[in-house]
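This briefing goes through a set of structural features by topic. Please keep the sequence and the 3D view open while reading.

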Amino acid sequence: MFRRIKSKLLRYFLIFIYFVIIFLCAIELNFLGLFGYSPTSKDIKAPTLNIASELYTADGKLIGRYFRENRSPVVYDSISKSITQALIATEDIRFFKHRGVDFIAVISSALSTAQGEKRGGSTITQQLAKNLFRTRYSQSAGLLGHIPGVRMLIIKIKEWFTAIKLERRYSKEDILTMYLNTVSFGNNTYGIKTAAKRYFDRNTNDVTVPQAALLIGMLKATTLYNPVRNPERSLERRNVVLSQMHKAGFISSPQLKQYKQSPIDLSLGTVGEAGKEDSYLRGAAERFIEKWCTENGYDLYEDGLKIYTTIDSKLQGYAEEAAYDQMAVLQKRLENVWGNELPWRDSKGEVIENFLENLAKKLPVYSFLDKKFNQNADSIHFYLNKPKQMKVFTWDGMKEVEYSTMDSLAHYAKMLNTGMMVMDPYNAEIKVWVGGINHQFYKYDHVNQAKRQAGSTFKPFAYLTALEQGMSPCDKFEDKAVRIDYVENGESKTWEPKNADWTFSGINMSLRWAMGRSINSVTAQITEKVGWDNVVKTAHKCGITSHLESVPSVSLGSNDVTVYEMVGAYATFLNKGNHADPILVKRIMDRDGKLLVEFKPAIKKVLSEEIAWLMTYMLRGTMEEPGGTSQALWEWDLWKNRNQIGGKTGTSSDYVDGWYMGITKDLVAGVWVGNDERSIHFRNSATGEGSHTALPIFAKFMEKLYHDPKSGYTYGPLPEPTVPITREYNCPSPRIRIADSTRVDTLPRILSPVIGTHNDEELERINQQLKPQQNE
C-alpha cells in the first residue's frame with residue numbers, strides 16, 4: 001500500500017506514523033502481555049484510593065486510624081486557594097490550558113536535557129495517573145519493560161494515555177483534588193489534609209500562603225525538604241515556590257518579600273504514626289472487627305471505613321486520669337517496700353537466680369548477639385551490660401539515663417501495670433477501656449489479653465450457685481477451720497483454706513455477711529456443699545470463657561481470667577439475669593457514610609430475675625455488712641443522694657494480683673493491678689491488698705464522674721426488684737467492732753475471738769456487750 005506513494009520521504013514518514021500507531025495500540029491493548037497493565041475506562045471511572053479507616057468514640061471523637069498509607073481525603077472546596085496556586089505555579093503552569101499532556105513542556109524538557117539541564121515535563125494529570133494507577137510498578141511495564149530504555153518509554157506513553165483519559169472524565173478541579181489527596185509528603189503522610197494537620201495542625205482551608213508553599217515544595221523531595229529534619233533546606237525550597245507563585249502572578253512583590261522573611265513556624269499536630277496497635281483501645285477495636293472485615297471482603301487498612309466504638313470519651317478520660325494517678329502512687333509504694341533489695345522472688349521469698357538474664361534471652365537482640373558472638377556468653381554479657389544514653393518511661397515523664405540493656409530490663413520489669421474496663425450492663429456497651437500504663441512500652445492488653453488470678457472477686461459465683469440451689473442470703477455457716485478431701489487427676493488431695501488473718505471466729509454468719517467480709521472458710525464450705533463443678537458451670541454461664549480447673553479452690557479465684565470476662569459476668573446481675581458479651585464496636589460505615597453494619601448484643605437469659613437481684617443485694621453487703629471489704633470507699637465523695645455501690649475486692653496469693661469489681665445503678669467496672677512478672681509483688685496486705693491497689697482507681701473514677709454534672713451519671717440507689725423476692729434476705733448482722741475492717745479481703749481480726757457456734761440470741765448478746773466499743 002505504501003509503494004503507491006512516489007515520494008520516498010512521505011512514504012517513510014507515513015510508514016513511521018503507521019508503526020507508531022500500531023505500537024501505541026499494542027501498548028494500550030497490552031498485546032501478548034508485552035506491555036503490561038493499562039487502566040481501563042472502568043478504572044478511570046472509579047479509581048481506587050487507599051484510604052485510612054478511622055476509629056471514633058460514641059460521641060464522635062477521632063481516636064485512631066488504621067492504614068498502610070496514612071491518608072484522609074478532602075474535597076476541593078475545603079482546600080485553600082494558596083495550595084492549588086502553589087501547586088500550579090511549581091508543577092504545571094499551563095495546567096488549565098492542556099488536555100492532560102503538555103507537549104510544549106515535553107519539548108522544552110527534551111531540549112533542556114540535551115543541554116545538560118535535566119528538567120521534568122510531566123503535568124499534574126500525568127503525576128496523578130502515576131499515583132493512582134502505579135504506572136511505574138513492574139506489572140505496568142510488561143515483558144518489554146525489562147529492556148533498558150524501553151521500560152521508561154512504555155511507562156511514559158501509558159501515563160500520557162491515562163492522563164488524557166482522566167482529563168476527558170474529570171474536571172480540572174477534580175484532578176487537582178485527586179492529586180492532592182494521593183500525593184505523598186513523606187513519613188507515611190499521604191494527602192494534603194494529613195500533611196496540613198501533621199506540620200501545621202491546621203485544616204486545609206486554613207493554610208496560609210507560606211505554609212502552602214512549604215508543603216508543595218516538599219513534593220520535589222519529601223526527605224530532603226522535610227521541615228522537621230532539614231528546616232534550612234525546607235525554607236530555601238519554600239522560597240523558591242513563593243518566587244514561582246510571584247512569577248505566575250498569584251502573589252504581589254510586597255507579599256513575596258513579606259512571605260520570604262517569615263519563619264517556617266511549624267506547629268506539629270497529632271497524626272498516628274503506626275497503622276495499627278498504636279494504643280490499647282485501637283488494638284482492641286481491631287481485634288473486635290477483624291473477623292467481620294475478613295468475612296465481608298473489606299480491608300481495614302485501605303477501605304476508609306468509619307468505625308464507631310461504644311467508648312464515651314469523657315469517661316475514658318476520667319478512667320485514664322484515675323488509673324494513672326493511682327499507678328504513680330503504687331509504683332512509689334512498691335519501690336519503698338523493696339528499697340535496694342531485688343523484688344523478683346519465688347514463693348519462699350528467695351531471690352530468683354538469673355531472672356534478668358532469662359528475660360534478656362527473650363529479646364530479639366539476644367538472638368542476633370548469640371549468632372554474632374558465636375554463643376560466647378561472656379561477649380553477650382559484656383554487650384548487654386554496656387551503658388549507653390537512652391530515655392526510659394517513668395511516672396515523672398520520660399527520663400534521660402545512662403543504662404545498659406540489663407538496667408533497662410530491670411527498670412521496666414519493676415513497673416506495675418493495670419487493666420480497667422467499664423460497661424453499661426443494660427446494653428452491653430463498653431464505655432471505658434484502659435489496657436495498661438503505656439502502650440509504647442507494654443503492648444500486652446490487660447483487659448482482654450492478660451489473664452490473672454481473680455482472687456476473692458470470683459467468690460460471688462459460689463454464692464450465686466448456692467442461691468440457685470435454693471439457699472438464701474440469710475442462710476448461715478460457721479466461720480471455722482475447713483478440711484476438704486478431693487481427687488484431682490486421679491490423685492488424692494486435701495485442701496485446708498485459711499482466712500486472711502489466719503484466725504476463725506466461730507461465728508455463724510449469713511451468706512451476705514460472709515461474702516461481704518470475704519470469709520474464705522465459709523466460701524469453702526459453700527463450695528463443698530454446692531459442688532465445685534457447679535461453681536464452674538455457673539461462672540461459665542455468666543460469661544467466664546477461660547478454662548477453669550474444677551477444684552475446691554475455684555471459688556477463691558485460683559484460676560486465671562480477664563478483666564473483660566469478669567465485668568461481663570458481673571453485668572449479668574444488674575441486667576436482671578440477662579447475659580450479653582460486652583461490645584466495643586457499635587457500627588461501621590463506608591467512606592461515603594453508608595451504614596455497613598450495626599452490632600447489637602446477643603442477649604441470653606441465664607439467671608432468674610429474683611436471683612440476679614439478690615446478687616446485687618449480696619454485693620451491696622461489702623459496703624453495708626460489718627467489716628465489709630469495700631468500705632474503704634467511704635474515703636471518697638461517693639455517698640450523696642442515697643447512692644449505693646456494690647462490689648468485691650480480690651487479692652491473689654502473695655499479693656501478686658489486686659482486683660476490684662464495682663457496680664452502681666448505671667455501670668459495672670473491673671480493675672486489675674499487678675506486675676506482668678508474677679514474681680514481683682508487694683509484701684503484705686497493708687500495701688498489696690486489692691482494697692489498697694485496685695479499689696482506689698474505681699473510687700477516683702466514680703468521684704470524677706459524679707462531680708461532672710455533664711457526664712450524664714448521677715448518684716442514686718441500685719435498682720429495686722421488679723419481681724417478688726421469695727427468699728429471706730433482710731437479716732441484719734451483729735455489729736462487732738472490727739480492727740481496720742476496710743483494708744482486707746477477708747475476715748479481719750476481731751477484738752475478742754469467740755470460739756464455738758452461737759445462735760441468734762447469743763450473737764445479739766455479744767453485739768450488746770460490744771455496743772459501747774462501737775461508739776468509740
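A residue counts as buried when its relative accessible area is under 20%, as exposed when that area is over 50%, and as partly exposed in between. By that criterion, Ser234, Arg237, Arg238, Asn239, Val241, Leu242 and Met245 of helix α10 are buried. The model is predicted. The points below cover helices, sheets, a hairpin and cysteines.

- Just after α10 comes Gly249, which takes a positive phi of about 85°.
- The axes of α10 and α11 lie 10 Å apart, and the two helices pack at an angle of about 175°.
- An angle over 145 degrees counts as roughly antiparallel, and α10 and α11 are therefore roughly antiparallel to each other.
- On the α10 side this contact is made by Arg238, Asn239, Leu242, Ser243 and His246, and on the α11 side by Ser253, Leu256, Tyr259 and Lys260.

**Other helices**

- Helix α22 (residues 563–574) and helix α23 (residues 609–624) have axes that come within 6 Å and cross at roughly 110°.
- Angles of 65 to 115 degrees count as roughly perpendicular, and α22 and α23 are therefore roughly perpendicular to each other.
- Tyr570, Thr572, Phe573 and Leu574 of α22 make this contact with Ala612, Met615, Thr616 and Leu619 of α23.
- Helix α5 (residues 124–133) is mostly covered, with eight of its ten residues buried.
- The buried residues of α5 are Ile124, Thr125, Gln126, Gln127, Leu128, Ala129, Leu132 and Phe133.

- Five strands make up an open sheet with mixed pairing, in the order β2-β1-β5-β17-β18.
- At its edges are β2 (62–66) and β18 (595–598), each of which pairs on one side only.
- From one strand to the next, the twist averages 20°.
- Within this sheet, strand β5 (residues 306–309) pairs with strand β17 (residues 585–589) in the antiparallel sense, over four bridges.
- Tyr308 stands opposite Arg587 in β17.
- Helix α12 (residues 280–296) packs on the sheet and touches β1 (53–56), β2, β5, β17 and β18.
- The direction of α12 makes about 55° with that of β2.

**The antiparallel sheet**

- Another open sheet has five strands in the order β9-β8-β22-β21-β20, with antiparallel pairing.
- Its edge strands, β9 (430–434) and β20 (646–651), each pair on one side only.
- Neighbouring strands of this sheet are turned against each other by 5° on average, direction ignored.
- Strand β8 (residues 416–423) pairs with β9 in the antiparallel sense over four bridges.
- Met420 stands opposite Val434 in β9.

- Strands β6 (residues 388–392) and β7 (residues 399–403) pair in the antiparallel sense over five bridges.
- Gln389 stands opposite Glu402 in β7.
- The hairpin has six residues between the strands, and in it Gly397 takes a positive phi near 105°.

**Cysteines**

- The structure holds one disulfide.
- This bond is formed by Cys474 and Cys731, whose sulfur atoms are 2.0 Å apart.
- The torsion about the S-S bond of Cys474 and Cys731 is about -100°, so the disulfide is left-handed.
- The pair links distant parts of the chain, 257 residues apart.
- Cys474 lies in the loop between α18 (460–468) and β11 (476–478), and Cys731 in the loop between α26 (695–707) and α27 (760–774).
- Cys474 has a relative accessible area of 9% and is buried.
- Cys731 also counts as buried, at 18% relative accessibility.
- Two further cysteines count as buried: Cys293 at 4% relative accessibility, and Cys542 at 0%.

Methods: Residues are numbered from 1 along each chain as its sequence is written. This is a predicted model: local features need pLDDT of at least 70, side-chain atom pairs count only at pLDDT 80 or more; totals for chains, interfaces and linings use all residues. Side-chain values use heavy atoms; hydrogens and water are left out. A disulfide is a pair of cysteine sulfur atoms within 2.5 Å. Buried means under 20% relative accessible area, exposed over 50%, partly exposed in between (1.4 Å probe, protein chains only). Two strands pair if DSSP finds at least two bridges between them. Axes are lines fitted to C-alpha atoms, for helices over the stretch in contact, and angles run from 0 to 180 degrees between N-to-C directions. Angles under 35 degrees count as roughly parallel, over 145 as roughly antiparallel, 65 to 115 as roughly perpendicular and the rest as oblique. Contact means heavy atoms within 4.5 Å.
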